[in-house]
Structures are given as structure tokens and as C-alpha cells.
Amino acid sequence: MKGLVTVGLDGTLQAMAAARWAAREAELRRARLLLLHAWIPRAPGPAHASAEEETTGYAPHRITEEARAVILASHPDLAVHVRAVCKDPLDALVKAADESDLLVLGSRGLGAAARFTLGETGLELVTRTAVPTVLVRAQQAVPARIGSGNVTVGVSLHGTCDGLLAFAFETAARRAVMLRAVHGRRLSPYAYNRGGGADRIAAEEAAQIARNELAAALRPWRKKFPDVHVDAQVILESPAPALLHGTVNAELLVVGRRPGGRLLPPRIGHVVQAAVHHAPCPVAVVPFD
């Protein structure tokens with residue numbers, strides 16, 4: 001563990017919401033918090049930062065210092081560091097992620113950094129980082145009462161997912177909340193009758209098989225985290241809507257990302273896409289083998 005949580009700032013409300021979420025997470029982890037802002041200057045020359053500030057009113061260092069003041073007002077004992085770099089934001093965030101345990105970003109930013117989480121560049125960032133990345137929207141601020149919700153994790157059961165479950169159980173344990181493990185499974189075409197409805201017996205058999213598989217995947221983690229209450233759910237529908245239906249009262253939705261192989265440009269799956277765009281809570285994208 002590197003003991004560092006990094007949040008990318010762009011001066012938007014979304015980024016500030018991400019900073020608040022990251023501050024709480026850093027406290028829970030007993031880690032340091034890094035507030036990072038990177039920008040590509042519009043004014044050429046060695047004095048590009050001051051020249052741009054004079055012509056446009058844009059002050060990169062002010063973004064990090066104002067965020068630092070806000071965070072310290074509510075987290076006075078937190079070790080908060082700031083970094084403002086004249087560098088391509090994508091490259092700066094990838095480098096910072098390598099030095100961190102967690103990367104946190106504001107989702108749907110309105111400025112130049114909107115591409116952090118949406119669009120081709122944002123997806124490339126998620127696929128290039130080797131650490132979990134959490135996406136936070138402006139309306140997804142810290143809950144009024146800590147521990148009032150749950151952590152929800154989507155479990156695909158296609159191969160092992162130890163890295164994903166480790167992150168989910170550790171997160172639930174730190175927050176002292178329930179962990180909801182959701183698996184969505186489409187019924188086989190053979191489970192439907194001639195009228196187009198699902199055969200009740202076939203559906204129950206499929207659900208029981210899925211419940212057994214989910215229980216087996218969770219069993220070693222339940223033993224490792226005996227204090228974490230686990231609600232295992234099997235929902236007989238496509239994984240993306242099943243996962244979104246399982247996010248009731250969730251403080252965080254955890255989804256996994258497997259390596260994309262040699263796909264260019266890098267891609268993320270439709271479940272991650274759906275979670276990022278539609279989840280009612282912050283989303284953690286966790287890379288795992």
C-alpha cells in the first residue's frame with residue numbers, strides 16, 4: 001500500500017465533489033490525499049502560466065489551493081498535498097495513479113477535463129490505470145450519515161475475481177456497512193416456453209445454480225472478513241440492469257475491468273459503461289486478472 005489517494009481537479013463542481021469523496025476515503029484508509037490539477041497552456045513560452053492567467057483569468061494553482069482550503073475545513077487532521085503541473089491531463093493522471101492506491105475523478109465535468117471520465121480519452125484513462133478509479137458526480141456527495149448505506153459489487157462469475165472482491169470487502173469493512181454482491185444472469189433460450197414466458201422450474205434451477213456459484217466465490221472472503229454482513233443476490237436478467245437494480249442505498253458501486261488484451265483503442269465493457277452513466281452513486285472501476 002502506498003498510502004496515497006489522488007483526485008483530479010478541473011475547477012468544476014464535479015471535481016470538488018470528487019475531492020470531498022476522496023478526502024473521506026483517505027481518512028478511512030489513514031492515507032494522504034493528493035489534489036492534482038494538470039493543464040495544457042494556451043499561451044506559448046516559458047511564462048505560459050502567468051501569461052494565460054493575465055489574458056484569461058485562468059489560475060491553475062488557485063484551483064488546487066481553493067480545493068485544499070475546502071478539504072481542510074472539514075478534515076483538519078488530513079495530510080493534504082497539492083500538485084499543479086503543466087502537462088497533458090491524461091498523462092499526468094496516469095503517472096499519478098502509478099504512485100497511488102486509488103484515483104478519484106469528477107464525472108461529467110464541464111471544462112477541458114470533462115474527458116477525464118467520459119468520451120474516448122476518459123475510457124482510455126480507466127483502461128490505462130492499474131489501480132481502482134472512482135468516478136463521482138456533483139450530486140453524489142458524502143452521505144449525511146456515514147455508514148447509512150451499503151457497498152454494492154457486481155460479480156460476473158466468469159473466472160476468478162479476487163482483486164474485485166478484495167476491494168469490495170475491504171471497502172465495506174472500512175465503512176462498517178453491508179456488502180451487497182449482485183450477479184445478473186440471462187436465462188438460456190431453452191428456459192422459455194412457446195408463449196415467450198420463462199418456464200418457472202427452469203428459471204428456478206438456473207437461479208439455484210447461480211446462487212451456488214456466487215456462494216462459492218464469496219465463501220473465502222466471508223471467512224477473511226467475518227464482520228462484514230453480505231447480502232448475495234442473483235437477479236435473472238442482463239448483468240447491467242441487474243446491477244443497477246441492486247444499487248438501492250448504495251454508497252459505492254464496485255465493478256470490475258479485465259485487461260482488454262490488444263484491443264485498440266482500449267475498451268471497457270457494457271456493464272462498466274452502464275454503471276458510469278446511470279448509477280445513482282459513485283462508481284469504482286477495479287482492474288483485476
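Helices (H or I, at least four residues) and strands (E, at least two) are DSSP runs, numbered from the N terminus. This is a predicted model, in which local features need pLDDT of at least 70 and side-chain atom pairs count only at pLDDT 80 or more, while totals for chains, interfaces and linings use all residues. Residues are numbered from 1 along each chain as its sequence is written, and side-chain values use heavy atoms, with hydrogens and water left out.

**Overall make-up**

- The protein has 9 helices and 10 strands, and of its 289 residues 47% count as buried, where buried means under 20% relative accessible area, exposed over 50% and partly exposed in between (1.4 Å probe, protein chains only).
- Among contacts between residues at least 6 apart in sequence, 80% join residues at least 24 apart, a contact being heavy atoms within 4.5 Å.

**Nonpolar cores**

- A nonpolar core is a set of buried Ala, Val, Leu, Ile, Met, Phe, Trp, Tyr and Cys residues joined through side-chain atoms within 4.5 Å.
- In the largest such core, which has 52 residues, Leu33, Val104, Phe169 and Val254 touch the most other members, and the largest share of this core, 9 residues, comes from helix H1 (residues 13-29).
- A second, separate core of 27 residues includes Leu93, Leu253, Val255 and Val272.
- Leaving aside its neighbours within four places in sequence, Leu33 is in contact with residues including Leu4, Ala19, Ala23, Ile71 and His81.

**Helix packing**

- Two packed helices are described by the angle between their axes and the distance between the axes; here axes are lines fitted to C-alpha atoms, for helices over the stretch in contact, and angles run from 0 to 180 degrees between N-to-C directions.
- The axes of H1 and helix H3 (residues 60-74) come within 10 Å and cross at roughly 45 degrees, and the two helices are therefore oblique to each other, given that angles under 35 degrees count as roughly parallel, over 145 as roughly antiparallel, 65 to 115 as roughly perpendicular and the rest as oblique.
- Met16, Ala19, Arg20 and Ala23 of H1 make this contact with Ala67, Val70 and Ile71 of H3, and its residues divide into 6 nonpolar, no polar and 1 charged; Ala, Val, Leu, Ile, Met, Phe, Trp, Tyr, Cys and Pro count as nonpolar, Asp, Glu, Lys and Arg as charged, and the others, Gly among them, as polar.
- Helix H6 (residues 162-175) packs against helix H7 (residues 200-224) at an angle of about 45 degrees, with axes 11 Å apart, which makes H6 oblique to H7.
- On the H6 side Asp162, Leu165, Ala166 and Phe169 meet Ala217, Leu218, Trp221 and Arg222 of H7, a contact with 6 nonpolar, no polar and 2 charged residues.

**Individual residues**

- Val126, found in helix H5 (residues 119-128), counts as buried at 5% relative accessibility, and beyond its neighbours within four places in sequence Val126 is in contact with Arg257, Ile268 and Val285.
- Val126 and Pro287 are 161 residues apart in sequence and 8.8 Å apart in space, C-alpha to C-alpha.
- Most residues other than glycine have a negative phi.
- Arg30, in the loop between H1 and strand S2 (32-39), has a positive phi of about 55 degrees although it is not a glycine, and Arg30 is exposed, with a relative accessible area of 82%.
- Leu157, in the loop between strand S6 (150-154) and H6, also has a positive phi, near 70 degrees, but Leu157 counts as buried at 18% relative accessibility.
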